[in-house]
Amino acid sequence: MDRTLYLNENKNLRVYLDGPSIWIKEDGKAGRRVPARVVSRVVIIGNLKCEAGALTLFTDNDVPVTLISRKGDSVAVVMPYNDNLSRYYYRQKAFLKTEENINRFKDWLYAQRRVLEIYVLKRLSKKIAGEFVMNGFRTRDYRNIVKKFNPSDMARWDVVKAMVENLFRELTISCIVKAELDPHIGVLHRRYNFGLALDLCHILEPMVDLQCIQFLRNTVGKEYLIPDSTGWSISRDGVKDIVQRFENMKKKLYQSEERLLDNLFELMRELRK
């Protein structure tokens with residue numbers, strides 16, 4: 001896998017276009033050059049000074065650029081401009097052709113999500129997971145268990161989950177674009193921008209929950225969450241912790257994304273028969 005370039009908010013940081021590379025300079029430190037060809041994803045968190053040409057260098061190489069605020073809100077996704085339909089556009093539309101196809105897609109989606117719900121429950125409590133596997137459970141049962149691990153101030157949970165969700169969404173969009181699928185043709189999120197990405201992220205949501213729980217457990221005595229006039233925001237060190245945790249799992253997540261896309265292609269082939 002190629003690397004992800006993370007640019008974290010820093011008033012002393014500047015990013016310039018430098019031929020087929022970008023030049024990253026921070027006051028008081030030596031600059032560093034990053035060739036665009038070795039970067040597969042770009043995530044910019046918070047405010048920093050960046051030349052527009054540095055952004056378009058990546059989009060010209062089919063690399064999406066995701067902009068996220070320190071509150072976790074996805075500000076924008078900068079993608080390559082293309083007038084043509086995605087390679088598999090019409091084959092994807094088959095998912096929406098009949099009610100039977102829609103239900104078949106949803107059944108597949110819920111089944112995939114349940115596998116991850118069980119995995120996360122086992123990570124949180126093998127005893128609880130064993131009881132539910134034996135007796136059966138629904139997604140709302142899973143959510144009720146996750147709530148037990150939420151902080152008393154849910155605003156803290158919301159800002160962390162928003163940040164982690166956007167990292168997952170960024171990876172998902174990159175995988176979809178690389179597979180030449182249309183990221184906007186969703187079924188569960190039909191007629192939404194990035195509908196397919198949101199559908200796949202719905203499957204992966206239990207992994208988001210797990211990372212949020214692990215992060216919040218690690219915030220005790222640390223200034224990772226900062227109160228402000230509108231609620232909470234994540235400090236630079238907090239962002240680094242979230243990103244490092246995500247990077248540690250990225251190989252596993254990437255494999256999960258590729259498996260889901262393989263299953264999606266298999267489902268498209270079956271619907272053509």
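Two strands pair if DSSP finds at least two bridges between them. Keep that rule in hand for this tour of a predicted model.

**The whole chain.** Start with everything shown. The secondary structure comes to eight helices and 10 strands. The C-alpha atoms fill a box of roughly 60 × 50 × 30 Å along the principal axes. For 273 residues, a compact globule would have a radius of gyration near 19 Å; the chain has 20 Å, which agrees. Colour by burial next: 49% of the 273 residues are buried.

**First pair of strands.** Zoom in on Thr4: its bridge partner in S5 is Arg41.

**The open sheet.** Four strands form an open sheet in the order S1-S5-S7-S8, with mixed pairing. Which strands stand at the edges? Select S1 (3-8) and S8 (74-78): each has a single partner strand, so one side of each is left without a neighbour in the sheet. On average, neighbouring strands here are turned by 15 degrees against each other, direction ignored.

**Across the sheet.** Show H8, residues 236-272. H8 lies across S1 and S5 and runs at about 170 degrees to S1.

**A helix pair.** The crossing of H7 and H8 is right-handed. By class, their contact has 13 nonpolar, four polar and four charged residues.

Among contacts between residues at least 6 apart in sequence, 67% join residues at least 24 apart.

Notes:
Residues are numbered from 1 along each chain as its sequence is written. This is a predicted model: local features need pLDDT of at least 70, side-chain atom pairs count only at pLDDT 80 or more; totals for chains, interfaces and linings use all residues. Side-chain values use heavy atoms; hydrogens and water are left out. Axes are lines fitted to C-alpha atoms, for helices over the stretch in contact, and angles run from 0 to 180 degrees between N-to-C directions. Helices (H or I, at least four residues) and strands (E, at least two) are DSSP runs, numbered from the N terminus. A crossing is left-handed if the near helix is turned anticlockwise from the far one by less than a right angle, and right-handed if clockwise. Ala, Val, Leu, Ile, Met, Phe, Trp, Tyr, Cys and Pro count as nonpolar, Asp, Glu, Lys and Arg as charged, and the others, Gly among them, as polar. Contact means heavy atoms within 4.5 Å. The radius of gyration is taken over C-alpha atoms; the globule rule is 2.2 Å times the number of residues to the power 0.38. Buried means under 20% relative accessible area, exposed over 50%, partly exposed in between (1.4 Å probe, protein chains only).
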